[in-house]
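Here is a short report on one model. Look at the structure first, then read on.

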Amino acid sequence: MRLLALLAALLLGQPALAQDASSDPNKLIPARTAKGLAQSPPMGWNSWNKFGCDVNEETVRRTADAMVSTGVRDAGYFYVVIDDCWHGPRDAQGFITADAKRFPGGIKALADYIHSKGLKFGLYSDAGRRTCGDRPGSQGHEYQDALTYAAWGVDYLKYDWCNTGTRNAEEAYALMSDALKASGRPIVFSLCEWGNSKPWLWAANVGNLWRTTGDIYDHWQGPRTYSLGMLDIVDRNEPLWPYAGPGHWNDPDMLEVGNGGMTDAEYRAHFSLWAMMAAPLIAGNDVANMSDATRAILLNKEVIAVDQDRLGVQGRRVRKDGDKEVWVKPLAGGARAILLLNRGAAPAEIGFGWDEIGYPARLKTRIRDLWQHKNLPRRAGTFSTAVQPHGVVVLRIEG
Ligand code: GLA
């Protein structure tokens, strides 16, 4: 019966229950991706949000050094990913080369350096003939590129969707997924087709994470040409919570924390919402030159623990009263992470009842504030507190 219900849910495109790992529909399909990868949402750094196409060897090395010296690596951010524009031309045999001016030492030496720092190394390519930045894409070279990446020591591939013409996304991503697997090296596979063909319905056995939306830009709310503000992305990613789980995550795009377009309160909200959504935490700032405030956000280990919780359930919004929202993420061992979000421009009192978070009203719980880093008095039944404009309060509650 349960199998029938799951198949029906899959066919109808309805989310099957993700709360119960044993009913995960994706378990019915043999995994293409290497086993054991991305059991918690991947964490790392990517060059795109801060440096765009202006990326080079020196920037990547300096960032890796800073990830170690500032404690970013030790907080769990392991992947160092070079996004678009690292490429040179293909050689006479069709092998991809690095841009010789920007990466004079070559990619292999850079990957070795990253590995020597106890970090992992990632690259970017595209399922079309050209990348979004008009560098050579992987179409027609999938197996050749996968072998090249493996030989270089690549641990993570972000695979974009520009210039793909009439290609079918599921077929194109499955092809590269098979090529990565055949390379023999475990490589996290990050699908970046912006949610166009609903990858949450088919990609759990193809990749480890899939973008659910268009690109983020460093702004609280409201779109800009092809990009979306932070809250626009939240609203698109939230309903997809049933599809996320260990090894296969919804990806609402990389972090903008520290890039200057939002206030620190807004960045705390951005970071906390990503953690509640079990999103990949891929920093996108200049780590070598970050402020103390940025560091305190990216290194909030209690909020990171919410993101990385081993239950692997994506949190969801359980109440919305205008600008006031209550979010819940179930955590291993029966605890809950709770996020109170104030989208408005004035301070707001936001509260909730135990019934909304799946606790009996009489249960007297421990409550910890994960931004103030302090325990609050135990209580039962309800909780309410003031939340600053464009701010969040994040709590860990347990019986
Ligand atoms: C697309 C992706 C971005 C980034 C750029 C690079 O827009 O969605 O994340 O990789 O391409 O050109």
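This is a predicted model. Start with Q308. Its side chain makes a polar contact with the side chain of D307, at 2.8 Å. Q308 belongs to helix α10, which covers residues 301-308. Leaving out residues up to four places away in sequence, Q308 touches S40, P41 and M43. In sequence, 232 residues separate Q308 and G76. In space, their C-alpha atoms are 9.4 Å apart.

Now turn to the ligand. It sits in the second largest pocket. Which residues are around the ligand? They are W48, D83, D84, Y124, C132, G133, K158, D160, C192, W194, R211 and D215. Sorted by class, this shell holds five nonpolar residues, one polar residue and six charged residues.

| Side chain (N or O atom) | Ligand atom | Distance |
|---|---|---|
| D84 | oxygen | 2.8 Å |
| D160 | oxygen | 2.8 Å |
| W194 | oxygen | 2.9 Å |

How much of the ligand does the protein bury? Taken alone, the ligand exposes 310 Å². The protein buries 92% of that area.

Methods
Residues numbered from 1 in each chain as written. Predicted model: local features only at pLDDT ≥ 70, side-chain atom pairs only at ≥ 80, totals over all residues. Heavy atoms only, no water. Near = heavy atom within 4 Å. Polar contact = N/O pair within 3.5 Å; in protein donor to acceptor, adjacent residues only side chain to side chain. Areas by Shrake-Rupley, 256 points an atom, 1.4 Å probe, with all protein chains shown as cover. 1 Å grid on protein atoms, 1.4 Å probe; cavity = no way out; pocket = protein on both sides within 12 Å on 5 of 7 lines; lining within 4 Å. Sits in = over half its atoms within 2 Å of the grid points. Nonpolar A, V, L, I, M, F, W, Y, C, P; charged D, E, K, R; others polar. Helix = DSSP H or I, 4+ residues; strand = E, 2+ residues; numbered from the N terminus. Contact = heavy atoms within 4.5 Å.
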